[in-house]
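Here is a short briefing to read alongside the model. It starts with helix packing, moves on to the pocket and ends with the backbone.

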Amino acid sequence: MHAAAPATTAATTATTPTRPATTARPVPRWVVWTAHAVPLCVLPAGLWRIAMGLGVPLGFSGELARLYEGPDWVLTPYVILLSLIAEGFALLTLGLVRPWGEVFPRWIPFAGGRPVPVTAAVSMASLGAVAVMWISGSVALAWNGSLGMDDPEAPQGAAAWLMILCYVPALAWGPLLAVVTAAYYVRRRGLTPSPKAARDRT
């Protein structure tokens, strides 16, 4: 009777489908770190905006203080939603180093279990990187000129440095995303997983 137990266990193991949480090709560790750095770079700016929306004093004065004073029925939901959306898009970078960036998860209607088209993924990620670099660069230039930090009503002293330290990391979002996108393309180039392999990794 004791001898039958291993056979049962073996049979159960053989019939249990495996769900390997790996990509089709190994992802270099430095690429994984780079991908994880993206949401971390975006997080400080989001927390700063949320604090502003909740009414935390951040150094604005005069008309700017009235404009950015929270909590407010419009400002507060806006900055919270903006921060969540930005962080959500930043987290999508992880898909470029995870299995769900190569094979659509099963819960996605119609596409679940199918391989993610390399061209589509690379094109969208590349456009995202360019858009983020343009937006963040434009905002940085605007706040560094007459529309921002030079305004006497803008944060000064320690408050200004806090704002800068929160927003400067976000400037790395675009370049880091571009690097991870290039690595994703190189890793998946010429690799077309079979439908069975795609189903096994979802």
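The axes of helix 2 (29-53) and helix 6 (158-167) come within 7 Å and cross at roughly 135°. That angle makes helix 2 oblique to helix 6, the class left over once angles under 35 degrees count as roughly parallel, over 145 as roughly antiparallel and 65 to 115 as roughly perpendicular. This is a predicted model, in which local features need pLDDT of at least 70, side-chain atom pairs count only at pLDDT 80 or more, and totals for chains, interfaces and linings use all residues. Residues are numbered from 1 along each chain as its sequence is written, and side-chain values use heavy atoms, with hydrogens and water left out.

**Helix 2 and helix 6**
- Pro44, Ala45, Trp48 and Arg49 of helix 2 meet Leu162, Met163, Cys166 and Tyr167 of helix 6 (contact means heavy atoms within 4.5 Å).
- This contact divides into 7 nonpolar, no polar and 1 charged residues; Ala, Val, Leu, Ile, Met, Phe, Trp, Tyr, Cys and Pro count as nonpolar, Asp, Glu, Lys and Arg as charged, and the others, Gly among them, as polar.
- Axes are lines fitted to C-alpha atoms, for helices over the stretch in contact, with angles from 0 to 180 degrees between N-to-C directions.
- Helices (H or I, at least four residues) are DSSP runs, numbered from the N terminus.

**Helix 5 and helix 7**
- Helix 5 and helix 7 pack with their axes 8 Å apart, at an angle of about 165°, and are therefore roughly antiparallel.
- The contact includes Val118, Ala121 and Val132 of helix 5, and Trp173, Leu177 and Arg188 of helix 7.
- By class, the contact of helix 5 with helix 7 has 13 nonpolar, 4 polar and 1 charged residues.

**The largest pocket**
- About 1700 Å³ of space lies in the largest pocket (on a 1 Å grid over the protein atoms alone, an open set of points where a 1.4 Å probe fits, with protein on both sides within 12 Å along at least five of seven lines; lining residues have an atom within 4 Å of a point).
- Of its 48 lining residues, Val42, Ala86, Phe89, Val132 and Trp173 are the closest to the centre.
- Helix 5 gives the largest share of the lining, 11 residues.
- The lining divides into 41 nonpolar, 6 polar and 1 charged residues.

**Backbone**
- A cis peptide bond, with omega about -5°, joins Gly70 and Pro71.
- Pro71 sits in the loop between helix 3 (62-67) and helix 4.
- Phe110, in the loop between helix 4 and helix 5, has a positive phi near 70°.

Conventions. Grid points are joined across faces, edges and corners, and a volume is the space filled by probe spheres set on the points. Helices (H or I, at least four residues) and strands (E, at least two) are DSSP runs, numbered from the N terminus.
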